[in-house]
Amino acid sequence: MPRDTSDPLKTDLRLEIDEDGTIDLANAAGADTTVSGRDNLVQALTLCLLVARGELGELGHRRYGSRVSELVGEPLTAPNLALLRRHVRAALLQDARVAEIVRVQVRARDDLPGAVDVHATVR
């Protein structure tokens, strides 16, 4: 399959991201091993949120990632949820393909104490 180099959202390897944050290369037999367009942008932004800022410094990407992990284990108070929202916004804005953040919603999960859902809309 020829790669579409005109796609501004680009193409990358498809990764599988489990609910616990485990990341693995997609390798199911017959599965598409690349991701393009909007799905690639979603994957890239998700990875940026999951990687601690500076974690890839030895690979030359000192500023890549987010500060979300700094809040792991902290109480889900209104100030901490607001800080999490700011960390998410900052991480999303690192990607040059994000022209604008329309909305970021951070909500504590009722069904899973200590967990949050993050939903973002970007252009």
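Contact here means heavy atoms within 4.5 Å. By that criterion, Leu 45, Cys 48 and Leu 49 in helix 1 meet Val 88, Ala 91 and Leu 92 in helix 2. The residues of this contact divide into 6 nonpolar, no polar and no charged. The model is predicted.

The geometry of the helix pair was examined next. Two packed helices are described by the angle between their axes and the distance between the axes. Helix 1 covers residues 37–50, and helix 2 covers residues 78–92. Their axes come within 9 Å and cross at roughly 130°. Helix 1 is therefore oblique to helix 2. The crossing of helix 1 past helix 2 is right-handed.

Helix 2 also contains Asn 80. The relative accessibility of Asn 80 is 19%. Buried means under 20%, so Asn 80 counts as buried. Leaving aside residues up to four places away in sequence, Asn 80 touches Leu 71, Glu 74 and Pro 75.

The chain as a whole holds 2 helices and 6 strands. Along the sequence, these elements follow the pattern β-β-β-β-α-α-β-β. The C-alpha trace spans about 50 × 30 × 30 Å along its principal axes. Of the 123 residues in the chain, 23% are buried. Among contacts with a separation of 6 or more, 38% involve residues 24 or more positions apart. The chain exposes about 8,700 Å². Carbon and sulfur atoms supply 51% of that area.

Technical notes:
Residues numbered from 1 in each chain as written. Predicted model: local features only at pLDDT ≥ 70, side-chain atom pairs only at ≥ 80, totals over all residues. Heavy atoms only, no water. Helix = DSSP H or I, 4+ residues; strand = E, 2+ residues; numbered from the N terminus. Buried < 20%, exposed > 50% of the residue type's maximum accessible area, 1.4 Å probe, protein only. Axes fitted to C-alpha atoms, helices over the stretch in contact; angles between N-to-C directions. Parallel < 35°, antiparallel > 145°, perpendicular 65-115°, else oblique. Left-handed = near helix turned anticlockwise from the far one by under 90°. Nonpolar A, V, L, I, M, F, W, Y, C, P; charged D, E, K, R; others polar. Areas by Shrake-Rupley, 256 points an atom, 1.4 Å probe, with all protein chains shown as cover.
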